[in-house]
Amino acid sequence: MKWITARRRHPLAGYVVVILALALFGVGYAAVAPTSDQAQAQTLAADAPSPEDVDVAEGKTIFDQTCASCHGLDGSGGEFGPDLRDVGPAAIDFQVSTGRMPSMNPDAQMPRKPMVMTEQELANLIAYYNESIRNGDNGAEVPYDVPDVAPDFADFEPLRSDFDSDEAYHEAVEEAEAEYQAALEEYEAEYDDYISGADDTEMGMRLYLTNCAHCHGWSGGGGALTDGRWAPEIHDSTPREIYEAMVSGPGAMPMFSDGVLAPEEKQELISYVKTLQAEPNAGGIFDLQRVGQVAEGLIGWVVGLALIVACAIWITAKQRAHD
């Protein structure tokens, strides 16, 4: 106790307490601040499903079991969920394919998670929504012409239990591998065509910095918003997910309809975001999450000046003690 009492009277004791308090506050906030899950959605690039490919009755069952408890049997909303009748199928596809819905906590912002249903079930759900829930043509359509996630071999791989012999199973695996490679090549061609179709990088950058960077960050790393919410990072977002987010305005995000940003402008913006995703991070261990040159420069100046002030205080205290 005598040691603590003696040190408490030291000229630098007050500054040490302030610095420790600030450090503890920063560490505590970082520990409890909401973060977004970066799991990849399971949606494959595909054309709009035809009526023969969907089961509206199963879609109704899925809606009644997973959506109606919050949004109502007719989609008109309730105490725990908003009205879905005017949001459009793009909003349904975005929320479900990124795993944000169904939600176990309607009062909290949902992070990105793996999708809880299959692609076919999602297609059935959207078909039922369009037929029985949607109010006319309100809301945006699913942009099936915009590429999404690359196909996964697990979606083609046969089950061993479905075959009586190893030979038949291995033949089925070879066929599945061929189908997967064909689907992958088709997806890559579609993706390259869409991204390369945007030829004005400067326009895409201006659109992103004007409309997106103040929430999602200069580098797309996301950031904190008011009321404990956050703008998710978009490094792993697919072109379709970005497009659907723009036309549906999830959470606190404003809606950018085709009247606000034309499809061609959205394509330029998305292409620029993909360049951000591909850009290597050269910031080292002190990259500050790539918040941007201006912000990083400001932080550098603040930290540098703080160190200079601390050194000045230390030198003054030493001289005072010497005198």
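View 1. At 54% relative accessibility, Leu307 counts as exposed, since exposed means over 50% relative accessible area, buried under 20% and partly exposed in between (1.4 Å probe, protein chains only). This is a predicted model, where local features need pLDDT of at least 70, side-chain atom pairs count only at pLDDT 80 or more, and totals for chains, interfaces and linings use all residues. Residues are numbered from 1 along each chain as its sequence is written, and side-chain values use heavy atoms, with hydrogens and water left out. Leu307 sits in helix H12 (residues 293-322); helices here are DSSP runs (H or I, at least four residues), numbered from the N terminus.

**View 2. Around Tyr208.** Leaving aside residues up to four places away in sequence, Tyr208 touches, among others, Trp218, Ile234, Leu269 and Tyr272. Contact means heavy atoms within 4.5 Å.

**View 3. Helix H5, mostly covered.** In H5 (residues 89-97), 8 of the 9 residues are buried, including Ile92, Asp93 and Phe94. The buried residues of H5 pack against helix H6 (119-133) and H10. After H5 comes Gly99, with a positive phi near 75 degrees.

How values were computed: Helices (H or I, at least four residues) and strands (E, at least two) are DSSP runs, numbered from the N terminus.
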